[in-house]
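Thanks for coming. I have one structure to go through today, so please have a look at it first.

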Amino acid sequence: MVDSGIKITNDCIEAFKGFHKAPQKHRFCVFGFNEKFDKVVLVHSAPLDATFEDLVTILAQHKACYVFYDCQYENKEGHKRNKALYAIWSGAEASRKEKMLIASTTKEVERKCNDFAKKASFHEWSDLTEQNFIDAVCN
């Protein structure tokens with residue numbers, strides 16, 4: 001895949017640090033493109049008490065974006081765990097341009113925000129469930 005040359009803004013990097021580094025400040029972060037499609041910008045960072053439903057509300061407003069989500073779950077032994085998922089959302093309503101940019105810019109996002117457990121892509125609205133996110137980080 002060819003690199004788009006689009007750079008990620010410092011706001012995104014700082015939000016990711018607040019998501020992943022101690023003390024954790026965000027439950028999830030959503031990055032998207034600015035109006036000119038020449039930068040990856042911070043769309044939303046959610047407080048720790050945010051829910052998956054809050055994330056879905058944000059995603060409903062964006063046709064294609066990057067998501068870092070703190071998946072919280074219990075393992076088979078009943079111990080509480082959490083892992084960071086790097087999710088790419090590219091819905092059916094996203095333009096061809098957005099889909100191409102989301103694919104060609106993902107490596108830049110990974111280079112700047114690189115400490116996550118798993119990466120997954122979601123393209124169908126029905127796939128946006130918390131269980132699917134948890135399954136993605138646990139498999």
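I will talk about the cysteines, then the aromatic rings.

This is a predicted model: local features need pLDDT of at least 70, side-chain atom pairs count only at pLDDT 80 or more, and totals for chains, interfaces and linings use all residues. Residues are numbered from 1 along each chain as its sequence is written, and side-chain values use heavy atoms, with hydrogens and water left out.

Cysteines, then. A disulfide here is a pair of cysteine sulfur atoms within 2.5 Å, and a search of the whole structure gives 0 of them. For cysteine 12, the nearest cysteine sulfur belongs to cysteine 113, 6.9 Å away. Cysteine 12 is buried, at 0% relative accessibility; buried means under 20% relative accessible area, exposed over 50%, and partly exposed in between, with a 1.4 Å probe and protein chains only.

Now the rings. Rings of Phe, Tyr and Trp (its six-membered ring) pair if their centres lie within 6.5 Å; planes under 30 degrees apart are stacked, over 60 edge-to-face, and the rest tilted. That rule gives 16 aromatic pairs. Tyrosine 66 and tyrosine 86 are stacked, because their centres are 6.3 Å apart and their planes at 25 degrees. Both tyrosine 66 and tyrosine 86 are buried. Phenylalanine 68 and phenylalanine 116 make a tilted pair, at 6.1 Å and 55 degrees. Phenylalanine 68 is buried, with 0% relative accessibility.
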